[in-house]
Amino acid sequence: MEEITGARKMANGVLVEYRRGGVSQMVGFTYEDLIAMEINVLDLVENPRDYEVDPEGKAIFANPAKCEQPPAG
């Protein structure tokens, strides 16, 4: 699992950037893939560091420890 360092919306999906061995790499996901994984695309693009990617398994996972918690009300 690699920490996502950036994400950009594209015409047919999202291009995710991550670092492995000090080298920046990218992998693309279609909107259909992200919906099937129950990933909120807008949140992924706005808060990419809240997610991790498994580039070999073509999967993205939320990292709850890094997700911003709503204010207590």
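Val-14 has Phe-29 as its bridge partner in strand 3. Here strands (E, at least two residues) and helices (H or I, at least four residues) are DSSP runs, numbered from the N terminus. This is a predicted model, in which local features need pLDDT of at least 70 and side-chain atom pairs count only at pLDDT 80 or more, while totals for chains, interfaces and linings use all residues. Residues are numbered from 1 along each chain as its sequence is written, and side-chain values use heavy atoms, with hydrogens and water left out.

**Strands and hairpins**

Strand 2 and strand 3 (residues 23-30) pair in the antiparallel sense over eight bridges; two strands count as paired if DSSP finds at least two bridges between them. Two residues lie between these strands in a hairpin, and Gly-21 in the turn has a positive phi of about 60°. On to the other hairpin: three residues link strand 1 to strand 2. Strand 1 (residues 2-9) and strand 2 (residues 13-20) are also antiparallel, with five bridges, and Ala-7 stands opposite Val-16.

**Around Phe-29 and Lys-58**

What sits over the ring of Phe-29? It is the charged end of Lys-58, 4.6 Å from the ring centre. (For this, NZ of Lys or CZ of Arg must be within 6 Å of the ring centre and within 35 degrees of the ring normal.) Lys-58 belongs to the loop between strand 4 (51-54) and strand 5, and its phi is positive, about 50°, although it is not a glycine. Glu-38, in the loop between helix 1 and helix 2 (41-46), is another non-glycine residue with a positive phi, near 60°.

Buried means under 20% relative accessible area, exposed over 50%, and partly exposed in between (1.4 Å probe, protein chains only).

| Residue | Relative accessibility | Class |
|---|---|---|
| Asp-33 | 33% | partly exposed |
| Glu-38 | 73% | exposed |
| Lys-58 | 38% | partly exposed |
| Asn-63 | 15% | buried |

Asp-33 is found in helix 1 (residues 31-36).

**The setting of Asn-63**

Asn-63 follows strand 5 (59-62), in the segment after it. Because its relative accessibility is 15%, Asn-63 counts as buried. Beyond its neighbours within four places in sequence, Asn-63 is in contact with Asp-50, Tyr-51 and Glu-52, where contact means heavy atoms within 4.5 Å.
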